Amino acid sequence: MTPDPKSPELRRRRFRPIPIRMLVPNFITLLAICAGLTAIRLSIEGRMELAVAAIVFAAVLDGVDGRVARMIKGQSKFGAELDSLADFVNFGVTPGLMLYFWQLHDLGNGGWIAAMVYAISGGLRLARFNASIDDPNKPAFAANYFTGVPAPLGALTVMLPIYLVFLGVPQPPAILTAFYTLLIGFLMVSRLPVLSGKTVRMRVPPEMVLPVFVSVVFFIALLVSYPWYILSVGTVLYLLSLPWGWKTYRDHERNAAAALAAATTDAAAPAGPAAVFPAAPTDAEHDDRPARLN
């Protein structure tokens, strides 16, 4: 007899309770989305300092939620999709709108096109990342590289003109800000290999625990006390590191190609002197009788 689909037993089997550990990373991701949306509101109201702080906070949460999910074994497909949506909103749409409300609106339609292209570049970059995450043809060394500038770092990098103005630097022309916005969008969708640091070991030796704590506290204190200096210097250093990441990736490629060529040569080489001469025929090979009698 077919069970009643409205029976409480079948409903309990279909909707199993979800462990709290599966929800914690999603709560962090939702908090990051709230920070990104709040940054849009603050930029509309002209409070750009708080808007930038909200984006930095969203970037910190984006780096935390995945690690928390792995630590407590709370990964899920739903969480991965929610994280991609949060990255598009926080680091694609929001920075583009912030730059538009800040200065790009002076260019009219041209400024809006620059902001829109940047936002679309962020979405395309995330879609490509999700599509290639399980690529079986990716070499082993490629696990330590991103393809193109990642969305969170792209968002922090594209707001460099805002940081410089807060430092007292004269505001650049709107056309220059638009070209810089398009450049960062291009770097996000490009095939440029960018160091990710994902394969760096996260374990800290016991004797380094206290120095690491002190270093983290010191960096946070600097970021809170001198945010525009830290963000500006960090952005410039990151842009300068991009060619070095490309160079190290090419070095890995050349080394892998050389190793593959050496392995192919070794496999094609003769095994030894015995391989030059054919094996002596056996009596069975000279026997003309049918095979069933051999």
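What share of the contacts in the chain with a separation of 6 or more comes from residues 24 or more positions apart? The share is 81%. Contact here means heavy atoms within 4.5 Å.

This is a predicted model, in which local features need pLDDT of at least 70, side-chain atom pairs count only at pLDDT 80 or more, and totals for chains, interfaces and linings use all residues. Residues are numbered from 1 along each chain as its sequence is written, and side-chain values use heavy atoms, with hydrogens and water left out.

## Overall layout

The chain has 11 helices and two strands. Along the sequence the pattern reads α-α-α-α-α-β-α-α-α-β-α-α-α. Helices (H or I, at least four residues) and strands (E, at least two) are DSSP runs, numbered from the N terminus. Of the 294 residues in the chain, 34% are buried. Buried means under 20% relative accessible area, exposed means over 50%, and partly exposed lies in between (1.4 Å probe, protein chains only).

## Helix pairs

Two packed helices are described by the angle between their axes and the distance between the axes. Axes are lines fitted to C-alpha atoms, for helices over the stretch in contact, and angles run from 0 to 180 degrees between N-to-C directions. Angles under 35 degrees count as roughly parallel, over 145 as roughly antiparallel, 65 to 115 as roughly perpendicular and the rest as oblique.

| Pair | Axis angle | Axis distance |
|---|---|---|
| H2 and H3 | roughly 165 degrees | within 8 Å |
| H2 and H4 | about 15 degrees | 9 Å |
| H5 and H8 | about 10 degrees | 8 Å |

Start with helix H2 (residues 20-44) and helix H3 (residues 48-71), whose axes cross at roughly 165 degrees. That angle makes H2 roughly antiparallel to H3. The crossing of H2 past H3 is left-handed. A crossing is left-handed if the near helix is turned anticlockwise from the far one by less than a right angle, and right-handed if clockwise. On the H2 side, the residues in contact include Val24, Pro25, Ile28 and Thr29. Their partners in H3 include Met48, Leu50, Ala51 and Asp65. By class, this contact of H2 with H3 has 19 nonpolar, three polar and one charged residues. Ala, Val, Leu, Ile, Met, Phe, Trp, Tyr, Cys and Pro count as nonpolar, Asp, Glu, Lys and Arg as charged, and the others, Gly among them, as polar.

H2 also packs with H4, at an angle of about 15 degrees. That makes H2 roughly parallel to H4. H2 passes H4 in a left-handed crossing too. Asn26, Thr29, Leu30 and Gly36 are among the H2 residues in this contact, and Phe78, Gly79, Asp83 and Met98 are among those of H4. The residues of the contact of H2 with H4 comprise 14 nonpolar, seven polar and one charged.

H5 and H8 pack with their axes 8 Å apart. Their angle makes H5 roughly parallel to H8. Arg125 and Arg128 are among the H5 residues that meet H8, and Gly185 and Met188 are among the H8 residues that they and others in H5 meet. This contact of H5 with H8 has nine nonpolar, four polar and two charged residues.

Ser121 sits in helix H5. Ser121 is buried, at a relative accessible area of 7%. Beyond its neighbours within four places in sequence, Ser121 is in contact with Gly185, Met188 and Val189.

## The nonpolar core

A nonpolar core is a set of buried Ala, Val, Leu, Ile, Met, Phe, Trp, Tyr and Cys residues joined through side-chain atoms within 4.5 Å. The largest one here has 42 residues, and Val52, Met98, Met159 and Tyr163 have the most contacts inside it. Helices that each supply at least two residues of this core include H4 (77-102), H5 (109-132), H8 (174-189) and H10 (227-268). H3 gives the most, with eight residues.

Which residues does Met98 contact, leaving aside its neighbours within four places in sequence? They are Ala39, Ser43, Met48, Ala51, Val52, Ile55 and Met159.

## Partly exposed positions

Gly66 is in helix H3. Gly66 counts as partly exposed, at 26% relative accessibility. Its C-alpha atom is 7.0 Å from that of Pro25, 41 residues apart along the chain.

Gly63 also lies in helix H3. Gly63 counts as partly exposed, at 27% relative accessibility. Gly63 and Thr29 are 9.9 Å apart, C-alpha to C-alpha.

Ala80 belongs to helix H4. Ala80 is partly exposed, at 44% relative accessibility.
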